[in-house]
Amino acid sequence: MNPFAYVAPQDTAAALNAIQAEPDTDSRMPPRFLAGGTNLVDLMKADVMHPARLVDVNGLPLDRIEETADAGLHLGALARNADTAYHPLVRTRYPLLTAAILRARPRRSAIWPATAAICCNARAAITFTTSACRVINAIRAAAVRPSAALRASTPSSAQRTLYCHPSIRSVRGTGGAGSHGPCAINARHAPDCVCRIPSFARRPAARRHHAGRR
Amino acid sequence: MLSNGRRINACLALAVSQNGHDITTIEGVADGEQLHPLQQAFIDHDALQCGYCTPGQICSALGLLREGEAHTTAAVRELMSGNVCRCGAYPQIVQAVSSVMGLRDTSAQAAPNVSPETVGTVAP
């Protein structure tokens, strides 16, 4: 067993402190936030991830789903997929998001290229990170020939194309044009971090290059 | 299982993160010796074979009932699809859950009524 510490702060400041504090245990991985956990817990069980500390953020008041002043939609970072999909605002104004979540949610083993088309805000930097991806599935997916449908839907110009669980919308950077918020995964990262995307979770460039010619 | 009345995957939930939550597993579904209607429906519809997935299926169906989002048998099938049954008892599971929800099985109507006839030709 890999020992790890667990804290469940009740406010954002305490959570940020907890994620930045020095690890209590001897682990080569930094502390991680635990939200839904369906990805991280899975990876910890599979011995892919062993963070020194888990900072459970479920107690933080970050699950709001509401209209913004400019008629946009504020989706709290902790808003549950089901809550998002069934929310009246999302249903009426962003039915594609509802459809995507409902289509994706049950298929735990499904893989999907970056769902940028669904969650992209022109100003938002979208980064699919290690913890936002079904790394296990990506490994398995790499072992089989990608289907024509997957290839067709893979954005060729994407710098980082990862196969993610389609229900995960990992968006950061909600400030003004061009501004990036702090890294949602590790607060100690520089704002423009790439957030450690493991090469094995990335679709090899060579394969992507050849995929279209098969 | 249900955490605060909502469906979660027990295998992907860290136990300590559920501290203080109201947890319902299959053991808490029946009222003493009185089976929950879902449990009885699973028996009536023969909605299990090996039974391995049944606790999860019933808890998931319980959450589905509370969500109130499934209004057709197709929706039941879709919204229950995260629970895998290796015996393939899905038709019976959908029947059992739908019967408790008072939904009529419309799958027979949805099946294509095949009658060969020429409706047109496609130009080459």
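Which backbone oxygen lies 2.6 Å from a polar atom of the side chain of B:Ser17?

## A serine in a chain B loop

It belongs to B:Leu14: the backbone oxygen of B:Leu14 and a polar side-chain atom of B:Ser17 are 2.6 Å apart. Keep in mind that this is a predicted model. B:Ser17 sits in the loop that runs between β2 (6–7) and β3 (23–24) of chain B.

Is B:Ser17 buried or exposed? With a relative accessible area of 14%, B:Ser17 counts as buried, because the cut-off for buried is under 20%. Leaving aside residues up to four places away in sequence, B:Ser17 touches A:Tyr6, A:Leu34 and A:Asp56.

## The open sheet of chain A

Now for chain A and its strands. Three of them make an open sheet, ordered β1-β3-β2, with parallel pairing. β1 (5–7) and β2 (32–34) of chain A are the edge strands, each pairing on one side only. On average, neighbouring strands in this sheet are turned by 25° against each other, ignoring direction.

Take the pairings one by one. β1(A) pairs with β3 (residues 53–56) of chain A over three bridges, in the parallel sense, and here A:Val7 stands opposite A:Val55 of β3(A). β2(A) and β3(A) also pair in the parallel sense, over three bridges. In that pairing, A:Phe33 has A:Val55 in β3(A) as its bridge partner.

## Side chains and the helix across the sheet

In a regular strand, side chains alternate between the two faces of the sheet. In β3(A), A:Arg53 and A:Val55 point one way, while A:Leu54 and A:Asp56 point the other way. All four of these residues are buried. A:Asp56 is also one of the residues that B:Ser17 touches.

Helix α1 (residues 12–20) of chain A lies across β1, β2 and β3 of chain A. This helix runs at about 170° to β3(A).

## Chain A as a whole

Zooming out, chain A has nine helices and seven strands. Of its 214 residues, 43% are buried. Chain A exposes about 11200 Å², with carbon and sulfur atoms supplying 56% of that area. If you look at contacts in chain A between residues at least 6 apart in sequence, 59% of them join residues at least 24 apart.

## A helix in chain B

Over in chain B, helix α4 (residues 90–101) has 12 residues. From first C-alpha to last, α4(B) reaches 16 Å, close to the 16 Å expected at 1.5 Å a residue.

Which residues of α4(B) are buried? They are B:Ile93, B:Val94, B:Ala96, B:Val97 and B:Ser98. An α-helix has 3.6 residues a turn, so residues three or four places apart point the same way. The buried residues of α4(B) pack against α1 (37–44), α2 (54–67) and α3 (73–79) of chain B.

## Two aspartates with positive phi

Most residues other than glycine have a negative phi. A:Asp47 has a positive one, near 65°, and is found in the loop between α2 (40–45) and β3 of chain A. At 47% relative accessibility, A:Asp47 is partly exposed.

Chain B has a case too: phi of B:Asp46 is positive, near 55°. B:Asp46 lies in the loop between α1 and α2 of chain B. With a relative accessible area of 55%, B:Asp46 is exposed, because the cut-off for exposed is over 50%.

Key
Residues are numbered from 1 along each chain as its sequence is written. Chains are lettered from A and ligands numbered from 1 in the order in which they are written. This is a predicted model: local features need pLDDT of at least 70, side-chain atom pairs count only at pLDDT 80 or more; totals for chains, interfaces and linings use all residues. Side-chain values use heavy atoms; hydrogens and water are left out. Helices (H or I, at least four residues) and strands (E, at least two) are DSSP runs, numbered from the N terminus. The expected span of a helix is 1.5 Å times one less than its number of residues. Buried means under 20% relative accessible area, exposed over 50%, partly exposed in between (1.4 Å probe, protein chains only). Contact means heavy atoms within 4.5 Å. Two strands pair if DSSP finds at least two bridges between them. Axes are lines fitted to C-alpha atoms, for helices over the stretch in contact, and angles run from 0 to 180 degrees between N-to-C directions. Accessible areas come from the Shrake-Rupley method with a 1.4 Å probe; for residues, only the protein chains shown count as cover. A polar contact is a pair of N or O atoms within 3.5 Å; within protein, one must be able to donate a hydrogen and the other to accept it, and residues adjacent in sequence count only if both atoms are side-chain atoms.
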